[in-house]
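I opened this notebook to keep track of what I looked up in the model, going from the overall fold to the core and then to one pair of strands.

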Amino acid sequence: MIALVISPIAANAGVISVFGTGLDIDGNPLAPGSADANYTVIENGNAPAVVVTNPAGTYLPNDANSQWIWQTGAGTPINTTITFRTTFDLTGFDPLTAVLNGAWGTDNQGIDILINGVSTGIELLGVTVNNFNTLHAWQISTGFVAGINTLDFVIRDDGVIGAFRTELSGSADRIAVPEPGTLALLGLGLIGMGAARRKKA
């Protein structure tokens, strides 16, 4: 009987393809009033969110990492709750090792962040300027699944205009795939085991 030992191949950390708000699919800032294809508004039939055209002077200024978005470029409707959704694909990654890091600002309140429809308990409550003149860090390290994942931000506006912004990055271990040479050795080993069993019979 042939004993075959295959050394495990270490998984390599990989970058999850996710985007901050107000960026195109290449990660570049969109023009004011442009549709953000990376974020949709659930209450608007999953239509794309829109980059706010004239963010209030007290907002943290837009930059290359993220911009303010809302259901419309004017920051309307107001006094409403809006859910912004983005999706990402973990095909080829181990979902148990996935981690998302972000920072968000809300006008006015961040009610929740949900991963695949499940609440994370992350909140940014209170009608306060601090919610939108700086970005507040968050992290998610559980609740991921193989394949397509959804990330929802539930935002409540309580004022004259509404806006939401997040920066986002993620990583996970790539699923180890045996090299062709390793598979060939495995095949030879199985053939040898079969031959040994036939001789015993």
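Entry 1, the fold. The model is a predicted one, and I found one helix and eleven strands in its chain. Of the 201 residues, 39% count as buried, and I looked up an accessible surface of about 10,200 Å², of which 58% belongs to carbon and sulfur atoms. Among contacts with a separation of 6 or more, 71% join residues 24 or more positions apart.

The largest nonpolar core holds 35 residues, and Phe84, Leu100, Trp138 and Leu151 have the most contacts inside it. Strand E11, residues 163–173, gives the most to this core, with four residues. I then followed Phe84, which, leaving aside residues up to four places away in sequence, touches a set including Val41, Ile69, Trp70, Leu151, Phe153 and Phe164.

Which residues form the covered face of strand E9? I listed His136, Trp138 and Ile140 there, whereas Ala137 and Gln139 make up the uncovered face of this strand, which spans residues 136–140. Strand E6, residues 99–107, pairs with E9 in the antiparallel sense over five bridges, and in E9 I found Trp138 standing opposite Gly102.

Terms used: Residues are numbered from 1 along each chain as its sequence is written. This is a predicted model: local features need pLDDT of at least 70, side-chain atom pairs count only at pLDDT 80 or more; totals for chains, interfaces and linings use all residues. Side-chain values use heavy atoms; hydrogens and water are left out. A nonpolar core is a set of buried Ala, Val, Leu, Ile, Met, Phe, Trp, Tyr and Cys residues joined through side-chain atoms within 4.5 Å. Buried means under 20% relative accessible area, exposed over 50%, partly exposed in between (1.4 Å probe, protein chains only). Helices (H or I, at least four residues) and strands (E, at least two) are DSSP runs, numbered from the N terminus. Contact means heavy atoms within 4.5 Å. Accessible areas come from the Shrake-Rupley method with a 1.4 Å probe; for residues, only the protein chains shown count as cover. Two strands pair if DSSP finds at least two bridges between them.
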